[in-house]
Each structure stands twice: as structure tokens, then as C-alpha cells.
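Please view the sequence and the structure together.

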Amino acid sequence: MDYNVIWYLLVGILLVGYAILDGFDLGVGALHLLSKGDHNRRIVMNSIGPVWDGNEVWLITAGGALFAAFPHVYATAFSAFYLPFYLLLAALIFRAVAMEFRSKEPGELWRNTWDKLFSIGSILASFLFGVAIGNVIIGMKIGSDMEYAGTLLEQLNPYAICTGLFTVVMFTMHGANYLLVKTEGELQKQVEKWAFKAYWTFVIFYAITTAITLMIRPEMVANFSFGYFEGVGEKHPLVENNEVLISIWAWTVAILNFLAVLNIHRSLKLKNYGWAFLSSCLSIAAFITLFALGIFPNMMVSSLEPAYSLDIYNAASSQKTLKIMFYLALVGIPFVLSYTISIYWVFRGKTKLDEHSY
Amino acid sequence: MDVEILARIQFAFTIIFHYIFPPFSIGLGLIMVIMEGLYLKTGNVVYEVMTKFWTKIFAANFSIGVATGIVMEFEFGTNWATYSRYVGDIFGSPLAAEGIFAFFLESGFLAILLFGWNRVSPRIHFLATVMVALGSMMSGFWIVVANSWMQTPAAYEIVGTGDQARAVITDFWGMVFNPSSGIRFAHTIVGAWLQGSFLVISVSAYFLLKKRHKSVAKRSFKIGLYVALFAALIQPILGHEQANVVAEYQPVKLAAFEGLYETTKEAPLYVVGYTDPESEQTYGIQVPGMLSFLIGFSFDQEVQGLKAFPKEDWPGQIGLVFQTYHIMVGIGMLLIGLLLLGAFLNFKKQLFSNDIMLKVFAWSVVLPVIANQTGWISAEVGRQPWIVYGMLRTSDAISKSVTGGEVFTSILLFFVLYVFLFFTWLYILNKEIKHGPDDTDETYFESGYLKRAEKLSGLDNKEKDE
């Protein structure tokens with residue numbers, strides 16, 4: 001395993017961390033307007049109060065890591081998704097300041113407006129993340145100069161819209177599970193109803209998205225099809241030499257994913273909300289793992305010519321930078337994990353309002 | 001307008017807006033550490049009330065800082081993709097390090113600082129405050145390192161030619177400690193301390209004018225005053241050191257700072273002035289020979305003028321560089337005078353009864369904000385036409401796949417968004433300040449010796465204290 005592969009893994013881990021953590025923040029935001037009454041809305045918002053900022057740091061760090069390790073992917077993707085990303089940023093900004101400002105004024109109009117901005121911002125951000133992933137899966141018009149040659153309209157293709165909606169639904173379901181852990185009493189009973197609805201919508205989108213993906217992009221399973229499908233461009237030697245092992249491993253992940261999704265329902269029925277939340281964490285991690293394995297060793301597939309695709313070699317920084325950054329990450333990761341774990345430990349239990357709450 | 005100009009306008013607008021907030025966070029962070037430290041040391045509840053009040057102001061400021069900061073990280077990729085490809089091998093690392101080492105630290109402990117008052121012991125809470133303050137300075141460190149590398153690039157080599165040319169790192173620590181990063185970090189952080197402490201001074205002066213929250217306001221004012229005085233007094237030394245680094249590594253920028261066109265000995269330093277790059281003349285009040293003296297401790301020191309360099313390497317807006325630089329220096333000097341006067345009046349025990357001075361101090365926070373902004377404008381515009389000094393031109397750094405229309409749209413979107421954000425922030429800030437600290441026990445504080453235990457044991461102590 002070379003540094004390029006290691007960095008592919010590390011960026012992947014950062015994205016998994018972001019999707020799991022900010023995923024429930026965004027999901028809680030998507031559900032926010034369903035809660036009625038000021039007290040309930042404050043509980044919903046404060047359930048993520050102490051953690052949302054730290055969760056968003058995963059995105060910032062993933063962005064920084066992508067910039068440092070794979071500058072061409074960073075440059076091509078960010079300039080290709082120009083307007084969608086600015087919309088994403090606007091959504092994330094609204095979401096952040098809505099939490100900060102909402103409860104500073106007692107007026108109903110004031111609070112309702114921020115509630116709406118919080119919710120719309122959360123839904124829009126989830127959707128745009130999904131659209132970006134969808135475009136990477138079906139491939140983008142990347143030229144020989146690594147620059148995006150397509151248009152904004154092409155990014156809003158039906159498949160990308162489908163993955164966008166899938167992401168919204170998945171995060172909403174995930175957020176509902178999180179809220180079940182953090183709420184109690186009447187509110188919790190309401191959230192449970194939302195959780196079941198979100199769950200079934202999620203299952204439908206899960207089936208549709210998986211089916212369409214297999215139909216139009218069978219290459220996505222090339223790396224773990226026991227050699228049955230051909231991928232885009234050449235296979236990475238790691239995959240070539242361990243085809244059976246990787247296929248078995250990937251199918252295990254896929255089956256675990258399936259079981260985790262089933263277990264969400266089972267745990268919800270048993271009112272074992274902690275397990276439901278852990279299961280939705282696991283399934284999100286599994287989705288991203290399968291996605292990452294599906295495109296590996298490519299990072300952005302060119303729909304114009306497979307050779308133009310950006311992969312973990314032609315898009316990477318020098319070996320020296322990858323090596324230095326690897327050691328920095330080794331030093332940093334224990335700190336990151338210890339902060340994250342201690343915050344969730346300090347703020348464990350049901351969300352209660354006090355004079356310091358939002 | 002072409003994409004380059006639009007992209008520059010957008011970056012300038014978004015960074016100027018963003019940079020209103022981080023210096024407040026850094027400066028307030030330090031002051032909160034001092035206040036909470038005093039609370040732990042003395043047990044006097046007034047310090048607890050103070051810490052909680054300033055934490056509230058800090059929180060609203062911090063969240064906008066974070067939200068607008070993500071924009072900056074995205075912008076290198078969206079608008080400056082060619083730059084990102086060219087220097088990503090070097091420039092990406094400090095940004096990633098900022099995330100790993102500063103943001104996680106900061107955001108984790110921020111949760112405890114804001115929401116953890118009732119959940120952790122006072123000592124752990126104090127630790128959280130210290131870590132947030134430290135985290136904000138560490139994030140400042142990495143971002144100033146990244147920017148300093150653009151000013152004084154070091155520890156790199158260029159590989160490939162033409163469109164394939166890339167800057168590649170040769171020594172990581174050589175990049176981190178490039179010739180200007182240390183001094184620029186110090187100058188930036190001290191500037192932030194000034195901005196944060198002046199916010200405390202201004203709000204406290206406002207309370208004193210309104211005759212409200214006196215115990216909190218007086219103590220806050222003094223802490224702000226001492227921090228600001230310390231910062232204002234060392235800032236010229238740091239600024240001078242930094243100017244020397246500019247003189248050595250970016251002589252064109254130094255010449256633009258002072259509107260110096262001819263290479264000369266006994267080069268003058270302008271107090272105020274006006275420079276016209278067309279006629280290559282600079283007018284104004286000058287101290288003869290002072291620039292030479294400051295650079296080389298000798299009036300005979302030769303200073304290179306702009307004409308020693310090809311015109312295509314001159315910054316496009318020399319007038320702007322000149323004026324912003326002089327505004328920064330001028331405000332720095334003004335702040336020293338103001339703070340010395342404040343400290344003198346405080347020593348004479350006349351500060352808090354002097355309404356004129358209090359009025360001046362109540363508005364004074366705008367000065368360090370302007371100084372920090374203009375200082376950065378002169379540093380950044382002075383680096384032009386280079387995005388990485390001497391290595392890569394700004395015009396060669398933009399995203400090739402992004403159109404002018406797209407950039408125009410994003411500028412419009414963010415202009416509307418930021419104007420809205422700015423006024424909402426001011427509105428909330430104003431409201432928080434008007435609401436003031438929760439010092440219902442004002443009479444207790446006046447005695448100055450209220451301990452937590454005494455507060456809890458109730459009324460008996462009130463009589464004792466009186």
C-alpha cells in the first residue's frame with residue numbers, strides 16, 4: 001500500500017466522519033419544522049447545539065486534506081461545482097447563524113423565519129452533497145487538461161437529482177434516530193412517527209438508487225465483482241492481485257449495510273434508539289465505503305475519455321508531501337478522536353434547556 | 001469585466017468580511033482567559049458574571065467567523081483552481097494542519113465553554129476557555145503560515161514546464177518557517193488582541209456612560225485597557241521588524257508602501273500623503289531620511305524605489321497600498337496615545353468619571369478593526385501582480401472552467417447574504433450589549449469580596465458586607 005492509497009483512505013475516513021456526524025445535524029435540521037411549539041423547537045435545535053460546530057470541522061479538514069493530498073481533484077471538483085458549491089456554502093451559513101440567532105429574540109416572526117432558514121439550509125446542503133456524489137458516480141466531462149468542460153445544467157441530471165434526494169432522505173432518517181436518543185416524553189413519541197416515515201422513504205430511495213446505479217453504471221461494482229465486470233480504465237494492482245479477497249470483503253460490507261438498514265427498523269420497533277442510531281451510522285459508513293471502492297483508484301471519472309479521469313496518482317501531490325501529511329495525520333488523529341469522544345461524553349443524555357442554550 | 005477582476009473582487013470582499021470576526025475571537029479569547037482565571041483565583045463572582053457576558057458576545061461572533069471561514073477554504077478551489085494545482089503540494093498542508101490541530105481543538109472545547117457551565121467543574125471549564133483561546137491562535141498561525149508562504153515562498157522547487165509546471169515542497173519546516181511567517185504571525189495576533197480588547201473597552205465605556213453594570217464595566221475596562229496597552233506598545237516593534245522582512249524579500253511592496261519611485265539614500269517616511277503612480281510623484285508630510293534609518297539604522301541606507309523594477313511587476317493599485325499602509329500605521333500611533341492617556345487617567349482615578357474620554361472609548365473599537373483590515377489590504381494588494389511573490393502571477397492563477405457570469409452570480413449572492421448577516425450580527429450584538437451582564441447582585445459586587453459560598457448562603461452576608 002503506497003501513500004496515495006493511504007491518503008485515499010484518509011480522505012475517505014474524513015468524509016465518513018463528516019457524513020455520519022454532520023449527517024445527523026442536517027437531518028435534525030430537515031425535521032426541525034415538524035416540531036411544534038417553541039419549547040420543542042428549542043429542544044430539537046439544542047440537541048445538536050454543542051456538537052454541530054465540531055461536526056462541520058470534519059468537512060473543513062476533509063477539504064484541507066483533499067487540497068493537500070489531491071490538489072487536482074480539489075481544483076477540478078470545486079471549480080466544476082462552482083455555483084452548486086456557493087449555494088451549499090450559503091445554505092451552511094444560514095444554518096449556522098440561524099441556530100445562533102433564533103432564540104435571541106422572543107418574537108414569533110423572528111423565530112419562525114430563522115426556523116425556516118435553518119431547515120431549508122439543512123435540506124439544501126444535504127441535497128447538494130448528494131448531487132455532487134451522483135455526478136462523480138456517473139462521470140463528468142473532464143478534458144485532457146483536467147478541467148471540467150460541461151455545464152451546470154448537465155450536473156442537474158436525473159441521476160444526480162436522485163442521489164441528492166436519497167442523501168436528504170438518508171440524513172433525515174439518521175437525524176430522526178439521533179433525535180430519539182436526545183429527546184423524551186411527548187416529543188420523542190412524535191419523533192418516532194417521523195422516524196418510521198423517514199425510514200420507509202429511505203428504504204424506497206435506497207432500492208431505487210441502487211437499482212439505477214447498477215443499471216447505468218455497472219462499473220461501480222467492477223472492483224468487487226470477482227472479476228466479472230470491467231471498470232473504468234485499468235484496475236489498480238491492489239485490486240488486480242486481491243480480486244477475490246476484496247470482492248468478499250466488499251460484499252460483506254454490502255450485506256452488513258443491508259443488515260444495518262434492517263436493524264434500524266428492528267431497533268425502532270424495540271424502542272432501542274441507541275441501536276437504531278448506531279445502525280444508521282453504520283449504513284452511512286457502508287454507503288461511502290462502497291462508493292469509494294466503486295470508483296477506486298479513480299477519484300473523478302471522465303465521461304469524455306477514461307484516460308482523462310483523475311486518479312489517486314495523476315491528481316496527487318508529491319510523495320514527499322503525502323508522507324509528511326501522513327505523519328501529521330498520525331500525530332493529529334488521537335487528539336481529534338479524544339476531543340470528539342469527550343464532547344459527546346460531556347453532553348451525553350437527554351437534551352435539557354438551561355440559560356446557556358440556544 | 002473579466003474573470004480575474006471579478007474573482008479578485010470576490011476574494012477581497014469575502015476575506016474582508018470574514019476578517020471582521022476572527023480577530024475579535026482571538027482577542028476576546030485571551031480576555032476571557034484572564035477573567036475566568038481571576039474568577040478561579042479570587043472566587044469573586046463578579047468575574048464569573050464577566051466571563052459569562054463576554055462569552056455570549058464571543059459566541060455570536062465566533063459562529064459567523066466559522067461560517068464565513070469555510071467560504072475561504074472553498075474559494076481556492078472554486079475561483080483559483082490553477083493556483084491550487086500549481087501550489088497544492090505546498091499550500092494545502094497548512095490548511096489541512098489548521099483543521100487537524102486547531103479547528104478540532106477549538107470546536108471541541110468551545111462546546112464546553114458555551115454549554116458546559118453546569119456540566120463540568122470550574123477548573124475543567126477554565127481549561128476549555130484556555131484551549132479555545134489557544135486554538136484560535138493556532139488556527140491564526142497556520143493560516144498566516146500559508147499566506148506568508150505566498151509572500152515569501154521558500155523550500156520549494158519547480159518541476160515540469162508550461163502548463164505542467166508545479167511547485168513542489170523540498171522541506172516542510174522550511175515552508176512553515178519561511179522568512180516572514182514568524183513575524184507576520186506575531187504582528188497579526190497582536191493586532192487581534194488589540195481588536196478584541198478594544199471591543200471590551202468600548203462596551204465597558206458605554207455601560208459606564210449609561211451608569212449601568214458598573215462593577216462589571218470597571219473591571220472589564222481595566223483588563224481591556226492593560227491588554228490593549230501591552231499590545232499597542234509592542235505592535236510598532238513587531239511592525240517595524242515585519243517591514244524589514246518586506247524590505248529584504250519584497251522590495252517592490254516596500255517601495256509601494258512609501259510611494260518611493262527613485263532608488264535613493266535618505267529615503268523619507270510619509271506621515272500622511274498622496275502618491276500618483278502616473279507622474280511617479282509622492283506628496284505629503286514627510287520625515288526626511290526616516291525610511292532609510294528604519295530599514296538600515298543609517299540615513300545612508302539605500303532603499304530601492306519602484307523604478308528599479310520593471311513596471312509589469314508593480315502592484316496595480318499603488319495608491320491603495322500607500323494609503324491603507326499609512327492608515328494602519330496612523331491608527332496604531334493614535335491607539336498608543338489614546339491608551340496612554342486612558343492609563344494615566346486611570347492612575348489618577350479620573351478615567352471612569354470623564355465622560356468625554358468615555359465617549360471616545362465607546363466608539364474606539366472601529367479603529368483597530370480598520371487598522372487590521374487596512375494592514376491586510378496593503379499586504380495583499382502590495383503583493384500584486386503576484387499571487388505567489390515572484391513565482392506565479394495572479395492572472396495565471398484563476399479557474400479555467402469558470403465563467404465571468406458564474407463569478408458575478410456568486411458575488412451577488414454573497415453580497416446580499418453578507419450585508420444581511422452583518423446587520424443581523426450588529427442587531428444581536430447591540431441587543432446583547434443593551435441586555436448586559438446578569439449582575440442582579442450589583443450591590444454585592446461593589447463590596448468586591450463576594451465568594452461563591454457567601455452568595456449561596458444568602459442574605460446574612462449582605463449585612464456583613466455592608
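This is a predicted model: local features need pLDDT of at least 70, side-chain atom pairs count only at pLDDT 80 or more; totals for chains, interfaces and linings use all residues.

Residues are numbered from 1 along each chain as its sequence is written, and chains are lettered from A and ligands numbered from 1 in the order in which they are written.

An unreviewed UniProt entry places the feature "transmembrane region" at several stretches of chain A, among them residues 274–296 and 324–347; such annotations may be inferred rather than shown by experiment. Residues 274–296 of chain A are 96% helix and 0% strand, with end C-alpha atoms 33 Å apart. For residues 324–347 of chain A, the chain is likewise 96% helix and 0% strand, and the end C-alpha atoms are 35 Å apart. Helices (H or I, at least four residues) and strands (E, at least two) are DSSP runs, numbered from the N terminus.

Between the chains, 59 residues of chain B are in contact with 54 residues of chain A, a contact meaning that C-beta atoms, placed from the backbone, lie within 7 Å. On the side of chain B that touches chain A, helix 4 of chain B gives the most, with 24 residues.

Helix 4 (residues 71–80) of chain A packs against helix 4 of chain B at an angle of about 145 degrees, with the axes 8 Å apart. Axes are lines fitted to C-alpha atoms, for helices over the stretch in contact, and angles run from 0 to 180 degrees between N-to-C directions. Residues making this contact include Tyr74(A) and Phe78(A) from helix 4 of chain A, and Arg85(B) and Asp89(B) from helix 4 of chain B.

Conventions
Two residues are in contact if their C-beta atoms, placed from the backbone, lie within 7 Å.
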